Amino acid sequence: MKKIIVASFVVLVALASVSQSCADEWKSGIQWEKPPVVDPGPETAPANVPSDAVVLFGGTSMDAWNNGENWPIKEGVVYSGKGAVSTKQSFGSVQLHVEFATPSKVSGSGQGRGNSGVFWGPYEVQVLDSYENETYYDGQCGSIYKQNPPMANVCRKPGEWQSYDIIFMRPQFDESGNLVKPMYVTVFQNGVLVQNHIQVKGTTAWHEPPAYTRHEAKMPISLQDHGNPVRFRNIWLREIPDTPVCPVEEKSPVKPADIFGSQE
């Protein structure tokens, strides 16, 4: 069963990678303010890997990934290839580190420039060349796709290395499939906080509004192929414990007299 569920999400991300002209685009209708542009400073060397991290790509092999054989590796860097890749192992809540670079040669505009994505299951943090490139704000780099723009545009120039440190706090469901705790996402891009413990409204699809459907507690990490040659390096994660779901305690309604005393 788990293999079927994991495979279904590989297909889901792969479908998001191809032309979506056959579907009507879903839009939230929210008029977001343009995120301010912030200089994150110069690009840096690859980040150190913590001793307790699970290394997903260390520069030599894509063996941890389904379809990894179709993503070429050159000089310690992996290039987006044919179809999405998803980890063979599934994970619960995680701290995920990913370093990426959009193409140095600018081609296209809007969503057609350096497009990819980082997924936990069906929930995406967008990868895009958003350096002097206008698009809808909840679809630019650093956004929770189609749900929440980044607090700032901290993209470096095309071709320069950037980093994501993402905390995915998984959603939790009861035995009947009801959502008891939503997904929360925190994102640092290039060391700058761009998503601060944002409550995710559900899946981050291109063509339909967000919604939650019960799924496994552990899900694969995926990287999207959107037809752009995006590079990746130094990918690792740390599994982190879930925060407990606190039951709502039923209390009798409080009357003003209980607080201020009788006014008679």
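This is a predicted model: local features need pLDDT of at least 70, side-chain atom pairs count only at pLDDT 80 or more; totals for chains, interfaces and linings use all residues.
Residues are numbered from 1 along each chain as its sequence is written, and side-chain values use heavy atoms, with hydrogens and water left out.

View 1. Strands (E, at least two residues) are DSSP runs numbered from the N terminus. Asn 190 is buried, at a relative accessible area of 8% (buried: under 20%, 1.4 Å probe, protein chains only). Its side chain reaches the backbone oxygen of Val 154 at 2.9 Å; a polar atom of that side chain also lies 2.9 Å from the backbone nitrogen of Ser 163. Beyond neighbours within four places in sequence, the contacts of Asn 190 (heavy atoms within 4.5 Å) include Pro 40, Cys 155 and Arg 156.

**View 2. Phe 168 in the largest nonpolar core.** Such a core is a set of buried Ala, Val, Leu, Ile, Met, Phe, Trp, Tyr and Cys residues joined through side-chain atoms within 4.5 Å. Among its 40 residues, those touching the most other members include Trp 65, Leu 96 and Phe 168. Strand E6 (94-101) is one of the strands supplying at least two core residues, and E6 gives the most, with 4. Leaving aside neighbours within four places in sequence, Phe 168 is in contact with residues including Leu 96, Trp 120 and Val 185.

**View 3. Open sheet of 5 strands in the order E2-E5-E14-E7-E8.** The pairing is antiparallel, where two strands pair if DSSP finds at least two bridges between them. E5 (residues 85-87) and E14 are joined by 2 bridges, and Val 85 stands opposite Leu 223 in E14.

Terms used. Buried means under 20% relative accessible area, exposed over 50%, partly exposed in between (1.4 Å probe, protein chains only). A polar contact is a pair of N or O atoms within 3.5 Å; within protein, one must be able to donate a hydrogen and the other to accept it, and residues adjacent in sequence count only if both atoms are side-chain atoms.
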